[in-house]
Amino acid sequence: VAVGVLMAIWWIAETIPVEATSLLPMALFPLLGISGMKEACAPYGDPVVFFFMGGMLIGAAMEKWGLPRRFALGVLSVMGGRPVALVGGVVLATGIISMWVNNTSTAVMMLPIALSLHRFVSTHAAPGESSGVRNFGTCLMLGVAYAASIGGVGTLFGSSPNVILTGQLRESLHQTMSFVEYARIGIPVMLLLLPAAWIALVVMYPPRVREIAGLKELVAKERSELGPLCPGERAVLAVFLLAMAGWILLEPINDLLARSGSKAALTEAGVAICAALMLFLIPVSLKHREFALDWKTGGKIPWGILLLFGGGMSLAEALRKHGVNEAIGEHFS
């Protein structure tokens, strides 16, 4: 309990970097006789950690080749030139991208698109529409922020708390939650919250600006500048769809392997790591020795989040092993 309280205080107060706080179980558990070093370190190598790492590497490859930007501009191109509709398009595009790319990266990618829309509207709006233009900007900025968080709810590696949830379920209740089982809950919640956020924003900050001529053309111009899908985009998209098929068809594939008498088994973490490795192997340009993913790009993923997973799960396992969870439950009952 003392170690748990110490970690909570250090995480909240950021006494030291939150990632460094996550290493406390390795330092203190053996020292205090709570568990051995091997036992304290084991959760840092949990399959959940590598599942999320594989997902982040796929997301990094998507960012490298600009797939999320292409998708976002595609959504906006069908929304017309009305500011209310454009806010909805930004919210929708951000939410869907954030299902597969971490929330912060999604917000960073969508910000320039939202800013260019706001800049165009503010330049072409009538003199009496300044408050509407300001509200339009507010809706766009908050829409990106809210939708990035809401979209992260949709899939298992959309956001780090989702992965922590599955680890806790397995460690504490010995129950597994597959990618598909989570999506059955996460996607409906996301589809409910995205339009709710859009409606709330345009009601609280009504973007009362007339339809701007040329706004749709601006989006179309930015989209045309991207050109056709380049080899890198095609490679990443193919691997991503293959990984999706693996996660969705995981149970049927394992049932088929079991019936054939094979001891082989496919796991969600295995699919994620295989997909990431494929990206490192697929050449995009042999002349320039360029691959769908390189370590210069892959090495920039937020490794500290993986330490946060490990530290949290190591603490959770110690609380479970020593009966702290049960004691707290009995106290409240």
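1. In this predicted model, Cys41 has a relative accessibility of 26% and therefore counts as partly exposed, since that class lies between the buried limit of under 20% and the exposed limit of over 50%. Cys274, at 46% relative accessibility, also falls between those limits, so Cys274 is classed as partly exposed.

2. On the cysteines in general, a disulfide is a covalent bond that joins the sulfur atoms of two cysteines. Under the rule that the two sulfur atoms must lie within 2.5 Å, the count for this model is 0 disulfides.

3. A nonpolar patch on the surface is formed by Ile185, Val189, Leu192 and Leu193, which together have about 350 Å² of accessible area. Of these residues, Ile185 belongs to helix 11, which covers residues 179-204, and Ile185 counts as partly exposed because its relative accessibility is 49%.

4. Turning to the chain as a whole, the protein has 18 helices and 2 strands, and its C-alpha atoms fill a box of roughly 70 × 50 × 35 Å along the principal axes. Among contacts with a separation of 6 or more, 74% are between residues 24 or more positions apart.

5. As for the surface, the protein chain exposes about 16800 Å², of which 68% is supplied by carbon and sulfur atoms, while 45% of the 333 residues count as buried.

Technical notes: Residues numbered from 1 in each chain as written. Predicted model: local features only at pLDDT ≥ 70, side-chain atom pairs only at ≥ 80, totals over all residues. Heavy atoms only, no water. Buried < 20%, exposed > 50% of the residue type's maximum accessible area, 1.4 Å probe, protein only. Patch = residues over 30% accessible without salt bridge, like charges linked within 9 Å, V, L, I, M, F, W, Y side chains within 5 Å. Areas by Shrake-Rupley, 256 points an atom, 1.4 Å probe, with all protein chains shown as cover. Salt bridge = Lys/Arg side-chain N within 4 Å of Asp/Glu carboxyl O. Helix = DSSP H or I, 4+ residues; strand = E, 2+ residues; numbered from the N terminus. Contact = heavy atoms within 4.5 Å.
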